[in-house]
Amino acid sequence: MKTLYSWLKDFVDIDVPPEEVAYKLTMAGLEIEEIEEIEDDYILDVSIPANRGDCQSILGVAREISALFNAPLKLPDEPRLKEVEEGIDIEVASPELCPRYTLRFIKGVKVGPSPDWLKKRIESVGIRSINNVVDITNYVMWMLGQPLHAFDADKISEKVIVRRAYPGEKITTLDGESRNLTEEILVIADKRHPIGIAGVMGGEDSEVSLFTKNVALESACFDHISTRGMSKVLELRTEASVRFEKGIDINMTKLASDIATEMIVKLCGGEVGKISEFYPVEYKPCSIRFRPERFSKRIGINPSYSEMRDVFFRLGFKVEEHINEWRVTPISARRDISLEEDLYEEVVRIIGYDKIPSILHERITGVVSTSPAWEKRKILRRKITSLGCSEVITSSFVPVQFDKYFREFYADDISSISVINPLREEESVLRWLLSQSLLSLAINNVRWGYNDFNLFEIGKIFFKDGESFMEKEHLGIVQSGRIIYSWDKEVNASFFSTKGLLEKLFKHELTFVPAYYSVLHPGRTANILYRGKVTGFIGELHPDVARILKLPRIYIAEMDVDEFPLELFSVGQVKEPSRLPKLKRDIAIVVPETLPSVEVTSILEEVFKDTLEDYELFDLYKGPNIPEGTVNLAFSLNLRAKDRTLTQEEVEEKIELLKNKLADIGGRLREW
Amino acid sequence: MSSMELELNNLRSEALKEISSINSLDNLREIEIKYLGRKGVLNQLLKELSTAPLEERPELGGIINQIKLEIIREIESKRTLLEEREKAKKLEEERIDVTLPGMNISPGRLHPLTLIIERVEEIFRGLGFTVVEGFEMETDYYNFEALNIPWYHPARDTQDSFYITDKFLLRTQTSPVQIRVMEKTKPPFKIIAPGRVYRRDQPTARHSPVFHQIEGMAVDKDITFAHLKGTLDAFAHALFGSDVSTRFRADYFPFTEPSGEFAISCIFCKGKGCRVCSYSGWIEILGCGMVHPKVLEVGGIDPEEYSGFAFGMGWDRLAMLTYNINDIRFFLENHPEFLVQF
């Protein structure tokens, strides 16, 4: 809200540069975004927190300055008005939405342009000058925080009724918009129809124009909650509605009306008519308990009683002191103060936050342990980056075109989740797999000219399982192009480069089973099982999909990290290293090429049992030297017994056994 | 000199001549065989010695052996020479251009948001905090109501939400974690809760509809605002250096009372005033305050017995400040040229 420095000084007696005022206000919670110098004055733009309805006026800001600088506040005098016997009847049909309503009749005004001083003042704070009557209502609103509305009294039929709109009623507001009204809208109506939307905007019909002779000046207090609701429904926010929403001082309503009335007859002529008022229950602020001891225990400072008392006096609050417990009564404008803690804030705000010492709380409070998911993510991140894969963090929204991608990962009754009110229709779907995000990123990378990438993301995915909304943590990997390269050799991304990462991360506890995903290559896709359960998948993007998305060969893998216990990733039981010699044995096995290699390796593991420390498939050969339809798998075995040196005879025995087992699956050992 | 002696002399000079003219190890081996082999010239001569007169045999034998030794010596020294030459040749052939580029093995890099949170986590762990996490899909209750933000509260205006149903939404702040922790945990505790949040804001350089926050909370019997200041001062000094100044000023949040805003002296202009700090010399880092008594009550904690502080900061914003990045959208865009710098 823009304020004028000279205008503030009308209400508070200070003699300091505006920068000092701005600094103190900012530190006390009213941030001054800008000081603008104009002619012989300054404009201070005050940003008002949501709870400080009382500061939405020159008087309110002046009151803060008065408290901060301990300078006297000059409240406006109550005008003495000479009334004539003429008025307009009012009826408040919805008192729950309108605790106070006043309507002043002013007879025989001359509507015209405002005097220069008035025009200059309101224009400097950003209000457009319309005519003298309307300008006065705006001027007083800005000054005192009480929204006012002037009706052309001759357009009001019989009396003014404050009521909820009837279904189907319509009104054309001052902005020229025709608006359909519902029962949740509070209107100001005459005998025939609505003439204004309460607390938001007046109607066009009853607008004060150059032809207006008699004025009905409304000053009222409308419920902050309903005003906010109406403003939302109507998508209409005005200076008035903003003030009602944050809450105005209900005890200012009549005074503001009187001050405006006095100005109108002074500047526009005319006679003061009667004021009709509805104010059944006068608002009196309640006293609040304040315990100085508890204040010190919560804030960590010990101001003297007189210092604290002084703060409340400066704010205009009343203080009753009892032993250990005070009763403090705020002023009626401060509707934000209802709890003891609210009073604490007032004290520290005025004393200054800088007076509070800075102390570390040293007590150990390790009751909550760090989330295992967090630890797991850290370990995974460290491991996978050490394998050359780089991290990305992408948005949770995925392009709508990828909505049903990788559908086969989930059971049929699982669906993706969309937001009801997206910013853009194409970004309404929450990802149910990271692969969707990574595919989208791959497209960008290629478009930017980067065809080599090796990326991972660890993040949340979302889906709906029956009626429950689920979120889980996944790991996604996408690889493409060259992974390691130089001018003389290169390693390209492949199904196996991606698979290798997973094997390293998940310690070879995974099983890969051929699977079908419509967007993946039919011959190069697998579901990944952990302890018999599908926990992920891996595959090459289907060439048809790749072509449509203008992508090269892309390899994708995704794992449901939540399914893996933290222990899998941390250091397990440490084995003592063996000093016995390793026996290295290379073997070649010829099997039908349709046989999955896992059948062979499981035989190796079965035959050599725990003497097989590890093994490596170092060559795979198909070609002229072996029968058609077969494949030659060359393994390098590392054999070692835990407790003795393995003998050549023992190994040969096992090799014989291996030969028999291989024969069972149609394979044979190839002699060197 | 007998004819035999003469012959031997010729043989010797011929052999030495031959050896000295040899240029390859293969040829040298041939010569070796020719003279020194089992059926070589010298062995042949020794055999033929039996035909020589008896009294000449010792002398001739001596000469032959001497020649043999001489040839061996010559061959060996020639071999060493040739081997050295060959080795040198091979090394020369293996010469590479050391100015050619090395192999491109890219390190796996962490995302800048991860680098920041690891630092933040380390600092708060050192101050006795642990890390907890919450849900990104929350109910209106946890995201707003429980945090003292009823439906009509003006604070909702600045937190326009993405709704999934009329009750579920994407959390607009990490603060719901406060409620979830209090519901499950008896004080004392100190936690930070980093996570992703969502607000229905048009993407700009300063705002992203998907961004991240770090929530913090400490509850115990004797926690004061002074402890909040101490904790945040320690954090700011650890993250931005001990030479930054810090500042608290009053602010408003529905779920803390008293509330404050925490700022550090501008790290770019050292507080002199620049574009980043809008010429104020200060950069706002976070909002904080003492946990509102109503919020403690909602969490099942008696505000007469316990007190606590809470704070919430923009995680992306911390990264922007740390790395002097001007556009928040870079983080989720993941442009390779951006990421490669971390």
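Q: How many residues of chain B are in contact with chain A?

A: The size of an interface is often given as the accessible area lost when the parts come together. Here we can count residues instead: in this predicted model, 71 residues of chain B are in contact with 73 residues of chain A.

Q: Which element gives the largest share of the side of chain B that touches chain A?

A: That is helix α8 of chain B, residues 225–240, with eight residues. By type, the side of chain B that touches chain A has 40 nonpolar, 19 polar and twelve charged residues.

Q: Now a helix, please. Which residues of helix α6 of chain A are buried?

A: An α-helix has 3.6 residues a turn, so residues three or four places apart point the same way. In α6 of chain A (residues 224–234), the buried residues are H224(A), S226(A), T227(A), R228(A), M230(A) and S231(A). They pack against β10 (186–189), β11 (194–197) and α7 (239–246) of chain A. Just after the helix α6(A), E235(A) takes a positive phi of about 50°.

Q: And how is chain A divided into domains?

A: Chain A has domain 1 (2–69), domain 2 (89–278), domain 3 (288–351), domain 4 (372–568) and domain 5 (583–670). Between the C-alpha centres of domain 3 and domain 5 of chain A there are 84 Å.

Note on methods: Residues numbered from 1 in each chain as written. Chains lettered and ligands numbered in written order. Predicted model: local features only at pLDDT ≥ 70, side-chain atom pairs only at ≥ 80, totals over all residues. Contact = placed C-beta atoms within 7 Å. Helix = DSSP H or I, 4+ residues; strand = E, 2+ residues; numbered from the N terminus. Nonpolar A, V, L, I, M, F, W, Y, C, P; charged D, E, K, R; others polar. Buried ≥ 20, exposed ≤ 12 C-beta atoms within 10 Å, placed from the backbone. Domains from an automatic or database assignment.
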